[in-house]
Amino acid sequence: MNSFPPSTESASTIVALSTPQGAGAIGVIRLSGELSINIANQMFAGKDLSCQASHTLHFGKIMDEKNEVIDEVVISLFKNPHSYTGEDVIEISCHGSAYIIQKIIERCQQLGAKSAKPGEFTQRAFLNGKLDLSQAESVADIIAAENKMQLEIAFQQMRGGYSAIIEGLRNELIEFAALIELELDFSEEDVEFADRGKFHNLIEKIKTTVEGLIQSFELGNVLKNGIPVAIIGEPNVGKSTLLNVLLNEEKALVSDIAGTTRDFIEDTLVVEGIQFRFIDTAGLRETNDELEAKGIERSMQKLKSAKIVLYLADIQKDFKEIVQDFSALEIASSQEVIIVLTKLDTIVNCDAYDIEEAIATLTSRKTMVISATTQKNIELLKTSLLDIVQREKMNGNGIIVTNTRHVQALRDTQQHIHQIEQGLTQQISGDFLSIDIRLALQSLGEITGAVEVDRDILGTIFGKFCIGK
């Protein structure tokens, strides 16, 4: 799975606390390496762990160098290669006292263990072929996940679905590369072993798949960091009131005085496992107030960067003016928009849903009426936001890229595939084609670690992990 031989450093036995720092019910201390079982045996008053089966639990006492009890513990035993790191692994579950944890770690170090670096356990799992590089990176994403969607994306990568796509493309490309290399050995006979028609079809397949993965990065990035939703509209249409209702707290100041919100206010809300970043912006209007004007300028900047735009308008206003004001906004085709007609509770003798339908027809945009005061249709608004996200997810191939390193490797692959495509069209010789094929294979392999990745890059990747993982 990778091409790194075990180094002297990786052959050492490492130790670290795997549970969070601070007082708790229990703490879990992890050892990994060839001395793990021996170190545990020297301080464990209980069964001889070397004689026990892998994946078993053992109760006993940890003793210090004076043969005094440090703590009563449960030891989990994992023998190589059937462990997280692929090495012998010992996990000591002790009481969560900071003093006890410190004493046990110090005892492990006295017996030959070294302190683990950030991410070193997972790095060993990669180096020992237990995980490919993209799966190893997903471990950090799983730990950092704050909502259901982030966790789903990380688990998808951890289970290897993304890796399987990348490796499938590489294997098909390797087969053609081998045939083209074979042609070079018989260049004097002027024969073709690689069917150029099938090769062209493969390049089209790779190109389409890579383009889809690159496009998924935009969605993946916002799902990972929170989907930005800009709440915009004229002053006093209920933007701050809607934000407060969505967040269920008085986050924004609400006033009948126009221009109260002079800068954007931002906060997050998780709706059915998906994190949204709602941005309440300054009311859009002509103003001579310099401070308010700067706030409106920032509102327009937030509008441009938002994935979803909630355009709020007072339902009491003439619907033709609402359409005209909305049409004057510069909204990108990639942005999703919901026109929200507010203050439903203030109108009488008027069919609000006829107005809703008229505006939806004239703008070709999703339109709905709400009352933030009575919370009428607020849950329907949340459902509409979720529908947008689900529709975006279904437009792809089910795989969502969230890692900037991966997307750069995919862009490099895209460039090399373009070169191969041009070469096929121009019918260039196999030796030139093979150069671009190797480069494409290199770029794809960097994602999973199927080709050698610079150790400095590995240090950067695993250095972002917490100690003990």
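Of the 469 residues that make up the chain, 48% count as buried, in a model that is predicted. The chain holds 15 helices and 13 strands, and among its contacts between residues at least 6 apart in sequence, 67% join residues at least 24 apart.

The nonpolar interior was examined next. In soluble globular proteins, nonpolar side chains tend to be buried together. The largest nonpolar core of this chain has 34 residues, of which Leu223, Ile227, Leu242, Phe276, Phe278 and Leu310 touch the most other members. Helix α12 (residues 378-394) supplies the largest share of this core, namely six residues. When residues up to four places away in sequence are not counted, Leu310 touches Val229, Ala230, Ile231, Ile232, Leu242, Phe278, Ile338, Val340, Leu381 and Leu385. Another core, of 29 residues, lies apart from the largest one, and Ala177, Ile399, Val407 and Ile447 are among its members.

Ala409 counts as buried because its relative accessibility is 4%, under the 20% at which the buried class ends. With residues up to four places away in sequence left out, Ala409 touches Ser443 and Ile447. The C-alpha atoms of Ala409 and Gln442 are separated by 9.0 Å, although these two residues are 33 residues apart along the chain.

Two pairs of packed helices were then considered. From α4, the residues Ser134, Gln135, Glu137, Ser138, Val139, Asp141, Ile142 and Ala144 take part in the contact, where they meet Gln150, Leu151, Ala154, Phe155, Gln157 and Met158 of α5. By class, the residues of this contact divide into seven nonpolar, five polar and two charged.

Asp141, which lies in helix α4, was looked at separately. With a relative accessibility of 17%, Asp141 counts as buried, and, leaving aside its neighbours within four places in sequence, Asp141 is in contact with Ala154, Lys224 and Thr402. Of these partners, Ala154 belongs to the set of α5 residues that meet α4.

In the second pair, helix α10 (residues 319-327) and helix α11 (residues 352-363) pack at an angle of about 35°, with their axes 10 Å apart, and α10 passes α11 in a right-handed crossing. Here Phe319, Ile322, Val323 and Phe326 in α10 meet Ile355, Ala358, Ile359, Leu362 and Thr363 in α11. The contact of α10 with α11 has eight nonpolar residues, one polar residue and no charged residues.

The burial of a whole helix is illustrated by helix α3 (residues 120-127), in which eight of the eight residues are buried, so that α3 is largely enclosed by the rest of the structure. The buried residues of α3 are Glu120, Phe121, Thr122, Gln123, Arg124, Ala125, Phe126 and Leu127. After α3 comes Gly129, whose phi is positive, near 75°.

How values were computed:
Residues are numbered from 1 along each chain as its sequence is written. This is a predicted model: local features need pLDDT of at least 70, side-chain atom pairs count only at pLDDT 80 or more; totals for chains, interfaces and linings use all residues. Side-chain values use heavy atoms; hydrogens and water are left out. Contact means heavy atoms within 4.5 Å. Helices (H or I, at least four residues) and strands (E, at least two) are DSSP runs, numbered from the N terminus. Ala, Val, Leu, Ile, Met, Phe, Trp, Tyr, Cys and Pro count as nonpolar, Asp, Glu, Lys and Arg as charged, and the others, Gly among them, as polar. A nonpolar core is a set of buried Ala, Val, Leu, Ile, Met, Phe, Trp, Tyr and Cys residues joined through side-chain atoms within 4.5 Å. Buried means under 20% relative accessible area, exposed over 50%, partly exposed in between (1.4 Å probe, protein chains only). Axes are lines fitted to C-alpha atoms, for helices over the stretch in contact, and angles run from 0 to 180 degrees between N-to-C directions. A crossing is left-handed if the near helix is turned anticlockwise from the far one by less than a right angle, and right-handed if clockwise.
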